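These are my notebook entries on one structure. I set down what I looked up, entry by entry.

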Amino acid sequence: MGKKMENNIRFRNHISIVAERLGRVLLLVFVAAISGLAQNVKALANSSGMDAKDAKVILLACGAVLLLLAIGAAWQLIVWSKTYISIYDNTIVIERNTLNRKKDTIGIKNISNVNMERNLFEMLAGTSKIKLDTNSMSTANKTDVTIVLKKKDAQSLRQYLMDLMEASGEESIKERKADAEQMQYDVEASLGDMIVHGLFSINLFSLLVLLGCAVGMAEVVSDTLGQGFAGKSIMGILASILVMATVFMSALWDIIKGFVKYYDFKVKRIEDRLYIRYGFLKKVSYTIPVDKINALKLTQSLLGRMSHRYMAEIVNVGMGDDEAEKQSFLLLYSKKEVLDAKLHSLLPEFEDAVRTPVSRQPKGTLAAWMMPLLAYCAAVAGVAGTLAELLPRYRGGIGAAMAGLIALAIFLMALRYATAGFAVGKECVILANGYFRRCLSYVSYEKIQHVQLEQNFIAKRMGIQKGSLYLLASADSRVQGIPYFPKKEVDIIKSNMIS
């Protein structure tokens with residue numbers, strides 16, 4: 001690709017994509033080999049030697065693995081050489097001419113996001129990955145097109161596509177004053193901001209798992225050192241420690257990533273676009289048209305609720321492709337007044353909605369919850385009674401467990417009542433959900449696909465109902481829960497949806 005974009009272009013991905021895809025295959029083979037070795041480590045440890053037959057089997061296995069890797073590499077090269085990406089007549093065409101010919105055509109006007117990512121391998125290779133997402137419910141939970149190019153070519157292509165998106169919307173193509181990497185950002189996170197965000201984003205469950213694993217490993221090691229290996233399998237002890245260490249590291253990383261994930265976080269609003277970038281080992285760069293944003297989310301962790309701090313995210317089609325990304329991140333944890341000032345410069349479209357007070361669920365909600373609560377208590381009591389008859393020695397423990405489960409349900413109900421809420425604004429409907437955490441969703445009426453409402457007979461007598469609100473977004477953000485609210489509010493939502 002040249003420095004200047006032509007009207008019609010045709011190109012292939014950078015060849016480094018072959019090595020990147022093959023690296024995943026190598027990782028799978030390595031994990032399988034380690035797994036096989038772990039299963040046979042006892043036999044290997046007990047064997048005093050290896051005969052010719054065993055050596056032959058091992059050599060054949062190694063040869064089979066190398067052959068599979070060679071076939072995988074050859075196939076990836078064929079796929080790369082036979083896959084072309086073309087841009088012409090305001091469309092993107094992905095054509096793959098391997099054993100089966102496949103051709104996908106996407107209209108430029110249907111693209112919702114043009115995002116850029118760079119993992120560690122791509123940084124070393126000098127390449128960047130462009131991800132394109134479209135306004136389609138059928139593909140809302142996955143990236144539609146992934147393109148790998150040299151960094152400068154990727155930047156040029158992204159700008160070219162964004163200009164085409166503007167032109168296809170019958171807007172004039174605007175010249176950008178600076179490249180995304182050289183612009184002065186509206187919000188830039190400092191080291192202190194990252195530390196504060198990490199502290200307030202700590203997951204309570206991960207913290208409990210971390211402490212549990214640490215205590216468990218300490219007990220195993222202490223017991224082994226105190227009583228020795230008498231009657232115990234060394235491999236069994238090591239396996240137990242390995243499992244706990246794996247869970248421990250997973251929980252530890254879940255906590256640590258809150259401190260490092262948004263390294264060098266920056267966000268800028270230029271006209272009708274948001275430019276978001278962050279990352280250390282994986283650099284992410286989003287370019288999001290504001291009119292493609294379907295909802296704004298303000299989230300509070302338990303610690304955030306106690307200190308009145310919020311973080312902000314946005315929801316639109318395509319965001320949430322990766323497991324780690326449920327929607328596009330917008331602002332780190334900060335005090336409400338600080339967050340309001342930042343939203344004023346970045347998303348003034350939601351400014352009035354954020355200031356709209358959220359009402360707690362009607363008191364009739366508690367009555368409406370009685371029916372499912374009684375059904376739950378009956379089910380728990382039935383199971384506990386059956387177990388008590390089958391295991392009479394453990395009746396005391398079974399009774400305590402039953403009481404604990406019922407008490408937990410009532411406790412969660414109280415948390416839900418204190419957290420959930422609802423409000424009808426001028427431009428948005430506001431939904432509050434959660435238990436320990438609290439999430440406030442601001443959804444524009446024009447972005448609502450449809451609303452599904454329900455009520456049991458008690459809720460009907462109370463004049464309240466709950467339901468679900470459906471958006472054009474990834475699976476994790478597509479359905480937004482509507483807490484119980486007065487039935488008369490439905491007419492307001494309906495009129496705003498069609499106006």
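Which residue in the turn of the hairpin formed by strand 10 and strand 11 has a positive phi? I found that glycine 279 has a positive phi of about 125°, in a hairpin with 4 residues between the two strands. I note that strands (E, at least two residues) and helices (H or I, at least four) are DSSP runs numbered from the N terminus.

I record that this is a predicted model, in which local features need pLDDT of at least 70, side-chain atom pairs count only at pLDDT 80 or more, and totals for chains, interfaces and linings use all residues. Residues are numbered from 1 along each chain as its sequence is written, and side-chain values use heavy atoms, without hydrogens and water.

Next I looked up the partners of strand 11 (residues 283-289). Two strands pair if DSSP finds at least two bridges between them. Strand 10 (residues 273-278) pairs with strand 11 in the antiparallel sense over 6 bridges, and isoleucine 276 stands opposite tyrosine 286. Strand 5 (residues 111-118) is also antiparallel to strand 11, over 5 bridges; here tyrosine 286 is the bridge partner of asparagine 115.
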